[in-house]
Amino acid sequence: MESVLNFSCELGRQLMQNGGEICRVEESVERVLAAYGCPAPEVFAIPSCVIVNIRTEERNYTKAVRVKPAAVNLNRLRRLNSLCREICAAPPAVAAAEENLREILNSPLYPRWADYLSFGVVAAFFTLFWGGCAVDAVAAFFSGLLVRRAVSFLHGVQANGFFRNLIAAMLATVIPVTLQALNGSVHADKATIGTIMLLVPGLAITNMMRDVLAGDYLAAVSRTAEVLLVALGITIGVAITLTSVPWLFGVLGV
């Protein structure tokens with residue numbers, strides 16, 4: 001029983017960390033527990049915690065795991081969902097299921113060059129989408145690379161989401177504003193908006209709305225706070241660069 005409890009808690013934590021919404025996490029863990037013959041499983045999840053309880057005739061088995069912020073990986077989320085379906089269809093031994101879970105978690109991520117390239121390309125195309133020209137897109141491409149480097153470094157030092165987005169937003173604005181101040185050939189607003197789209201918490205907003213529709217208001221409030229803090233960090237970061245860079249050029253007489 002304890003091995004099933006440990007496995008289900010880790011599965012719920014990984015689903016949450018990789019972008020799963022609350023209702024998906026709770027339902028998936030409940031179905032896995034039911035597939036292993038656990039009577040009356042109860043699962044409670046919020047963005048920062050997953051609690052699982054298995055009630056038997058003799059006692060309750062309960063475990064809570066802390067969910068820490070991590071980079072969302074939708075491919076890993078897809079594979080975790082597939083693992084849940086496989087267990088529900090034909091439950092293997094718990095040890096085999098744990099091995100499958102470890103295989104998913106240890107699978108190689110996207111190459112670093114592809115990760116950086118995706119940030120640059122997405123920023124460039126969003127700039128074109130919002131009405132920028134080719135020069136704006138090039139500026140946004142390099143801003144996207146700078147944002148990716150900043151996010152990676154700040155995640156490595158375990159900076160919280162507010163400061164991570166604040167610093168990334170500052171760096172996202174530096175190149176367009178500097179180029180505009182130097183020669184005026186770059187529309188800083190278009191390039192900045194295109195790059196900022198990399199930081200917009202679209203998945204958190206979507207999950208927040210799904211939590212509201214599912215009646216998980218506690219989780220929705222938590223997601224709303226997360227979204228507001230991210231938006232505040234982005235706003236402050238952009239404002240700092242927009243005011244400091246022109247001031248610096250004025251001091252230098254450029």
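Over the ring of which residue does the charged end of Arg148 sit? The ring is that of Phe119, with the charged end of Arg148 5.6 Å from its centre. Arg148 also lies over the face of Tyr116, at 5.4 Å from the ring centre. A charge counts as over a ring if NZ of Lys or CZ of Arg is within 6 Å of the ring centre and within 35 degrees of the ring normal.

The model is predicted: local features need pLDDT of at least 70, side-chain atom pairs count only at pLDDT 80 or more, and totals for chains, interfaces and linings use all residues. Residues are numbered from 1 along each chain as its sequence is written, and side-chain values use heavy atoms, without hydrogens and water.

A nonpolar core is a set of buried Ala, Val, Leu, Ile, Met, Phe, Trp, Tyr and Cys residues joined through side-chain atoms within 4.5 Å; buried means under 20% relative accessible area, exposed over 50%, and partly exposed in between (1.4 Å probe, protein chains only). The largest such core has 32 residues, and Phe7, Leu11, Leu33, Val50 and Val52 have the most contacts inside it. Another core, of ten residues, lies apart from it and includes Phe119 and Ile196.

Three aromatic pairs are found in the whole structure. Ring centres of Phe, Tyr and Trp (its six-membered ring) within 6.5 Å make a pair; planes under 30 degrees apart count as stacked, over 60 as edge-to-face and the rest as tilted. Phe129 and Trp130 are edge-to-face, 5.0 Å centre to centre with 80 degrees between the planes. Phe129 is exposed, whereas Trp130 is partly exposed.
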